[in-house]
Amino acid sequence: MHFVYVLYSKRFDKIYIGYSSNPEIRLSFHNSDSNTGWTKRYKPWKIIYTEQFQTLLEAYKREKQLKTSRGRNFIRDLITRKKVELL
């Protein structure tokens, strides 16, 4: 199984979209001190959305869709609806 996941940093109001076969392990990496990527500066992250796919190609295509302006609007709407849960 492959997953597309959306991380949210409440502190910085940032989103990150990625794909992985294990989003929980990826989340722990994004929040770890050994992370040297873009997500390091916006910790802590929380998974707010996932979708599951049979193939890596399907997950990759969905990740690209979510990274468009329409996809980011979908995610921002999701964040607005979940605001209470994110507090």
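**Close-up views of a predicted model**

**View 1. Strand β1 is largely enclosed by the rest of the structure.** Of the 8 residues of β1, 7 are buried, so the strand is largely enclosed. The structure shown here and in the following views is a predicted model. Strand β1 comprises residues 2–9, and its pairings with β2 and with β3 are the subjects of the next two views.

**View 2. Strands β1 and β2 run antiparallel and form a hairpin.** Strand β2 spans residues 14–20 and is joined to β1 by 7 bridges. Two pairs of residues may be located in this view. F3 stands opposite S20 of β2, while the bridge partner of S9 is K14, also in β2. Between the two strands of the hairpin lie 4 residues. In this hairpin, D13 adopts a positive phi near 55°.

**View 3. Strand β1 also pairs with strand β3.** Strand β3 consists of residues 46–53. The pairing of β1 with β3 is antiparallel and extends over 7 bridges. L7 has I47 of β3 as its bridge partner.

**View 4. Four residues form a nonpolar patch on the surface.** The members of the patch are Y19, L56, L57 and Y60, which together have about 370 Å² of accessible area. Helix α2 supplies the largest share of the patch, with 3 residues. Y19, in contrast, is found in strand β2. Is Y19 buried, partly exposed or exposed? Its relative accessibility is 32%, and Y19 therefore counts as partly exposed, since this class lies between the limits of 20% for buried and 50% for exposed.

Notes. Residues numbered from 1 in each chain as written. Predicted model: local features only at pLDDT ≥ 70, side-chain atom pairs only at ≥ 80, totals over all residues. Heavy atoms only, no water. Pairing = 2+ DSSP bridges. Patch = residues over 30% accessible without salt bridge, like charges linked within 9 Å, V, L, I, M, F, W, Y side chains within 5 Å. Areas by Shrake-Rupley, 256 points an atom, 1.4 Å probe, with all protein chains shown as cover. Salt bridge = Lys/Arg side-chain N within 4 Å of Asp/Glu carboxyl O. Buried < 20%, exposed > 50% of the residue type's maximum accessible area, 1.4 Å probe, protein only.
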